[in-house]
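Good morning, and thank you for coming. Please look at the chain on the screen as I speak; I shall take its elements, its overall form and the confidence in turn.

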Amino acid sequence: MHSTTQHTLVRLATTGVMLAAGALVELRLMHGYGVPVLLALPCGLAVGLGAGHLVEALTARLATTVFHCRAAGCSYKVRVTHVDAGERRRWQEAAASHPGHELNPRY
Ligand SMILES: [Zn+2]
């Protein structure tokens with residue numbers, strides 16, 4: 001299976017689990033106060049969606065690598081996510097040898 005497809009499936013699964021968990025927790029908390037299910041359910045889904053988005057953002061942040069050009073005064077950088085060692089090496093070399101250093105001035 002392609003890596004991007006796997007990550008998409010993991011993201012969808014994570015979002016689904018977080019939605020369900022948020023809805024269940026919210027429903028359980030609100031049940032004692034007599035809040036109708038149709039009112040508590042959207043709140044739970046919103047909480048779950050927010051938590052899922054947070055987990056997804058943190059996961060993406062941890063899986064992202066940024067390669068900077070090392071030329072003096074150049075701000076060029078490449079940000080790649082979910083790459084293997086070979087692809088990481090190619091992007092690292094591409095960032096180090098890109099043309100047009102003068103087009104990316106560091107201010
Ligand atoms: Zn450069």
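Three helices and two strands make up the secondary structure of this chain, in a model that is predicted.

Along the principal axes, the C-alpha trace spans about 65 × 40 × 15 Å.

Of the 107 residues, 7% count as buried. Now consider contacts between residues at least 6 apart in sequence: 52% of them join residues at least 24 apart.

Helix H3 deserves a moment of its own. This helix covers residues 85-96, twelve residues in all. From its first C-alpha to its last it reaches 17 Å, close to the 16 Å expected at 1.5 Å a residue. How many of the twelve residues of H3 are buried? The count is zero, and H3 is hardly covered.

Finally, I come to confidence. The average pLDDT of the chain is 84, and 95% of the residues score at least 70. Where is confidence lowest, and where is it highest? The lowest mean, 81, belongs to helix H1, residues 3-31. The highest, 91, belongs to strand S1, residues 64-68.

Thank you for your attention.

Note on methods. Residues numbered from 1 in each chain as written. Predicted model: local features only at pLDDT ≥ 70, side-chain atom pairs only at ≥ 80, totals over all residues. pLDDT = per-residue confidence, 0-100. Helix = DSSP H or I, 4+ residues; strand = E, 2+ residues; numbered from the N terminus. Expected span 1.5 Å × (residues − 1). Buried ≥ 20, exposed ≤ 12 C-beta atoms within 10 Å, placed from the backbone. Contact = placed C-beta atoms within 7 Å.
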